[in-house]
Amino acid sequence: MAAAAVARRVPLGREAHGVYSLCFGASGAQLAAGFGDGAVQVAGPGGGRSKPGPPLHELTPLSPQLVDAGTGAPGPCLRPGRRPRQAVTALGFHRAKPGLLLAAGADGVVVLYDLRAGSAAASLTEEENEIHALDFCRDGSAFATAGKDRHIRLYDSHTHQLVHVVRAPDFMAGDEFTPFSGHSRRIFALRFHPSELHLFLTGGWDNSVKVWDKRVPKGAQSVINGPHICGPGIDIKGEHILTASWVPHNALQLWDLRMSRLWQNVPFPGNPTQGEFLYSAQFCTEDVVVAGGSGTSGAGIIHTGTGQVIGEVLLSNKPVHAVASASKGQPVAVAGAGGNLYLAELH
């Protein structure tokens, strides 16, 4: 049975702004954190409780050229170090090139960072959108974004050009809406399947998770009804989907990907009177998950087979906005309001 080491707190230089997104690189050697003021910092999390790892390195855009995501026309340049000060709500490392990191946020700007140079390599903007989620496909050849405007945008990772938009129904124009249409409310989570190149999932406020094939221009392949997703609350491993819902009870659930039905409710630790209200969840291993939210102001590491809680991180009455796990839970990161960032490891 896996056990979690005691979590250690990582001091941050921007604690007052809060952490809104987290992402480990494929090897687990790098951890990126996105802040409420638009900053992105990257750290090597270290190899254990007694090894703190190198200090966080802050990234700032150096005059990248913005490109309108709808027309492809050049837009204004960001001045050096003057990124619009809105939260970085989504991060993603390139699957094949770990030196590249995508960051996106509430200002609709997507920045590609070159970590070796410590600066922005490219940037684009989605006009009048707030981006809540992004992810690279398995081989890193494409990435997708989603957010407030309910459209799902697919980009070529090499050219950074918009390839396709899965458009949400326009109710004012009288578009027909079916369960397999785009989302009816804003999207908060997007995740590509780790082993199937074209498959990805989205979820949001409309109480559904939709499964898409990026080769198919229109229409979801299947739909799971129920999860109320309000953050990075979707993950996939093998044939199982993990969801974290902002609801008081049965917030953490496993679903059968092929059958589109509930596999099991995963008990989440806490006081029943507070409610669970989860924002984020990820697999650590095939049978261990980490999840957190605002109900208990903490995160739990849970064995799905037994329901045993093998670790907890509490943020002193502050909500958990994001959790992340490197391979096999070595390590696990938990972060949220007040800039709190904690690391723990599974043994």
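This is a predicted model: local features need pLDDT of at least 70, side-chain atom pairs count only at pLDDT 80 or more; totals for chains, interfaces and linings use all residues.

Analyst: Residues are numbered from 1 along each chain as its sequence is written, and side-chain values use heavy atoms, with hydrogens and water left out.

User: Let's begin with strand 2: how many of its six residues are buried?

Analyst: Strands here are DSSP runs of E with at least two residues, numbered from the N terminus. Buried means under 20% relative accessible area, exposed is over 50%, and partly exposed sits in between (1.4 Å probe, protein chains only). Strand 2 covers residues 19-24 and is mostly covered, the buried count being five.

User: Which residue in the turn between strand 2 and strand 3 has a positive phi?

Analyst: Strand 2 pairs with strand 3 (residues 31-35) in the antiparallel sense over five bridges; two strands count as paired if DSSP finds at least two bridges between them. Along that pairing, S21 stands opposite G34. The two strands make a hairpin with six residues between them, and the turn residue with a positive phi, about 80 degrees, is G28.

User: Which residue of strand 15 stands opposite Y155?

Analyst: Strand 14 (residues 152-156) and strand 15 run antiparallel and are joined by four bridges. In strand 15, the residue facing Y155 is L162.

User: What's the average twist in the sheet with the order 20-21-22-23?

Analyst: This is another open sheet of four strands with antiparallel pairing. Its edges are strand 20 (234-237) and strand 23 (261-265). From one strand to the next, the twist averages 30 degrees.

User: Who stands opposite I241 in strand 22?

Analyst: Strand 21 (residues 240-244) and strand 22 (residues 252-256) are antiparallel partners, with five bridges. The strand 22 residue opposite I241 is W255.

User: On to charges: how many salt bridges are there?

Analyst: A salt bridge is a side-chain nitrogen of Lys or Arg within 4 Å of a carboxyl oxygen of Asp or Glu. Some link up into a network, as E126, D149 and R153 do. By this rule the count is 10.

User: How far apart in sequence are the parts that D135 and R95 tie together?

Analyst: Their side chains meet in a salt bridge at 3.1 Å, N to O. D135 sits in strand 12 (residues 131-136), while R95 is in the loop between strand 8 (88-93) and strand 9 (100-105), so the pair ties together parts separated in sequence by 40 residues.

User: Which residue forms a salt bridge with E130?

Analyst: E130 is partly exposed, with a relative accessible area of 24%. The closest N and O atoms of the pair are 3.4 Å apart, and the partner is R186.

User: And at what N to O distance do R258 and E239 meet?

Analyst: R258 is partly exposed at 46% relative accessible area, and E239 is partly exposed too, at 39%. Their side chains form a salt bridge with an N to O distance of 2.7 Å.

User: Last topic: which strand gives the largest share of the lining of the largest cavity?

Analyst: On a 1 Å grid over the protein atoms alone, a cavity is a set of points where a 1.4 Å probe fits but cannot get out, and lining residues have an atom within 4 Å of a point. The lining consists of V290, A299, G300, I301, V313, V332, V334 and A344. Strand 26 (298-303) and strand 29 (332-336) each give two or more residues. The largest share, three residues, comes from strand 26.

Conventions:
Axes are lines fitted to C-alpha atoms, for helices over the stretch in contact, and angles run from 0 to 180 degrees between N-to-C directions. On a 1 Å grid over the protein atoms alone, a cavity is a set of points where a 1.4 Å probe fits but cannot get out, and a pocket is an open set with protein on both sides within 12 Å along at least five of seven lines; lining residues have an atom within 4 Å of a point.
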